[in-house]
Every structure is written in structure tokens, then in C-alpha cells.
Amino acid sequence: MPSLAIVRQVNAAFRPEYIPVAVFVGGTSGIGQAMAEAFGRYTEGKSDIIIVGRNRTAAESILSSLPRPSDGSYRRDFVQCDATRMKNVQVATSDILGRFPKINFLIVTAGIVSLKGRDETEEGLDTKLALHYYARWKFISDLLPSLANASKAGEDGKVYSVLSAGKGGAINLDDLGLKTTFSPPNAALQAPTYNDLMMEAFHDCHPELTFTHGYPGGVRTSVLQNSDSKTSQYLKPYCKHTVTTSNYLSGGRGRIYVARSL
């Protein structure tokens, strides 16, 4: 990864000849928010930005803070979605496809920290795996037509999943959904590997598009604050001073660089 100064320089030079459309899944807080804000700044507001998440108030505050150029009409849209349920993702992607026949950048950052046992939804999926893998797969798969349209027009068509690239463990082919072998460590090790394999498979099927799985390292966001785990709450002060390596703003700038450059 280049220095932050180089990242800023390259980001500032981003001047596409088209109006870029960027979708930020999990963009209402943390690194997703920082990426949406950085994208808005580096395009000087000359872009269509869609935030997908649960918190409408947070999304509207972020969108209203973005630059709004006077030389054109640029979209600032919010799509409400609890991505732990695939039925909700289906509704959200159908909505997005209807509004945006072309998407240049799809950024997926939604995540949670939970140290409790398997928390199964009515759809039969563990909540953590649903958010860290299944929803990501569905957002990408469902929005492929709009990404492909951008590529066909000679524009960027890029997908970026932010989790833990290269940090996963061996998968259990006999229990891919972790229905019988679930534990917090197992879930934490399986999801990154699933994301690695997912992005490779999408690229094999759609080589005209770019698919990247990224690992930003320790980034100081609200994920521990929002965790339902008492252990996570206990660790929060410790992580603030000893574990995290950058704030979410620096992480956002770096992730925008990666999402654009690959």
C-alpha cells in the first residue's frame, strides 16, 4: 500500500469523463461512511451516490454533507435495508436496479462484531455469516447487470468487499453454513475465506469487471460500540489505545484508492 500522501494525490486526480455511480452498502457509519464521504469529495460532488443501510437519519445526514455542484443534477439516494435478511437484500437490489441501470462502483462494508453463539434468522442463516458473506454475494450477483452496463459503455465496473482478505481459515465442506460446528472463531475464519473465493469466482465468470476483497487492518470505527457482545464492550477502551491503527477517515481514503485503482 502506498503512503497516505500518494493515496491523496491519486484520489485527487480522479476526473472521469462520465458521471460515476457508486453504491455503498453499509455506508451509514464506519469505513463505509468514510468511503462515501471521500468519494463525494474527490469527485467534487459530480457523482451519483447511493447509501444502503438501516439508519435513514444517518444516511441523510451524510448525503446532505456531500458537495453539490451547481452545474448539474446529481443523485443522493438512500435505500433502507437490514442486510441480515436475504429477502430484504432482494427488495433493495430490485430498487437499485430500477433506479440505476448503470453502476460503476459497488462497495460492500457492512459488518458486525459478535462473540455470542449462532444467531439463526428465520431464513436459516447465522446473522454474522449472513451479513459478512451471504448478503455480499447477493448484492454483487443481483447488481451485475448494472455493473456490466457500465463496463460495456467503456466505464469503470468495479466491486470492492471490505472484510479480511487473506486472513481466513480452512473451510468445512461438510458444514458450510456452520449449522453444527458454529463458534465465533469459526465464523470469523470462514467468512474471509468465503469472500476470497467469492471474488475469485465472480472474476472468473465476469473478467470484464474488477472484483477486490480488501483488508484495511485495524480501523477505529463504531463497530465495537454497536456490538451486542459484553466482551467487545469491555475491549473497546483497550482497542482504542493499543489495537487500532488508523481512524475511519484515513481508512476510507485508502479504500477509495484501492477500489478505484485495481
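In this predicted model, the largest nonpolar core gathers 40 residues, and Val52, Leu106 and Phe139 are the members that touch the most others. Several elements contribute to this core: strand 1 (21-25), strand 2 (48-53), helix 4 (86-99), strand 4, helix 5 and helix 6 each provide at least two residues. Helix 5 gives the largest share, with ten residues. Apart from this core lies another, made of 19 residues, including Ala22, Phe39, Leu63 and Leu66.

Leaving out residues up to four places away in sequence, Leu106 touches Val23, Val25, Phe139, Ile140, Leu143, Leu147, Lys158, Val159 and Tyr160.

Asn195 belongs to helix 6 and is buried, its relative accessible area being 0%. Setting aside neighbours within four places in sequence, the contacts of Asn195 are His132, Tyr133, Arg136, Ser161, Leu163 and His213.

The wider picture gives these details a setting. The protein contains eight helices and eight strands. Of its 262 residues, 50% are buried. Among contacts with a separation of 6 or more, 78% join residues 24 or more positions apart. The protein exposes about 12200 Å², of which carbon and sulfur atoms supply 52%.

Side chains of opposite charge can pair when their charged atoms come close. The count of salt bridges in the model comes to 14. Glu120 takes part in two of the pairings described here, with Arg118 and with Lys179. With Arg118, the N to O distance is 2.9 Å; with Lys179, the closest N and O atoms are 3.8 Å apart. Lys179 sits in the loop between strand 5 (158-162) and helix 6 (184-205), while Glu120 sits in the loop between strand 4 (105-108) and helix 5 (127-152), so their pairing ties together parts that are 59 residues apart in sequence. As for accessibility, Arg118 is partly exposed at 23%, Glu120 is partly exposed at 44%, and Lys179 is exposed at 51%. Elsewhere, Arg75, Asp77, Asp95 and Arg99 are joined in a network of salt bridges.

The average pLDDT of the protein is 85, and 82% of the residues score at least 70. Over residues 238-246, however, the pLDDT is below 50, and this stretch has twelve contacts in the model beyond near neighbours in sequence. Where pLDDT is low, the predicted coordinates should not be read in detail.

Definitions and conventions: Residues numbered from 1 in each chain as written. Predicted model: local features only at pLDDT ≥ 70, side-chain atom pairs only at ≥ 80, totals over all residues. Heavy atoms only, no water. Helix = DSSP H or I, 4+ residues; strand = E, 2+ residues; numbered from the N terminus. Buried < 20%, exposed > 50% of the residue type's maximum accessible area, 1.4 Å probe, protein only. Contact = heavy atoms within 4.5 Å. Areas by Shrake-Rupley, 256 points an atom, 1.4 Å probe, with all protein chains shown as cover. pLDDT = per-residue confidence, 0-100. Salt bridge = Lys/Arg side-chain N within 4 Å of Asp/Glu carboxyl O. Core = buried A, V, L, I, M, F, W, Y, C linked by side-chain atoms within 4.5 Å.
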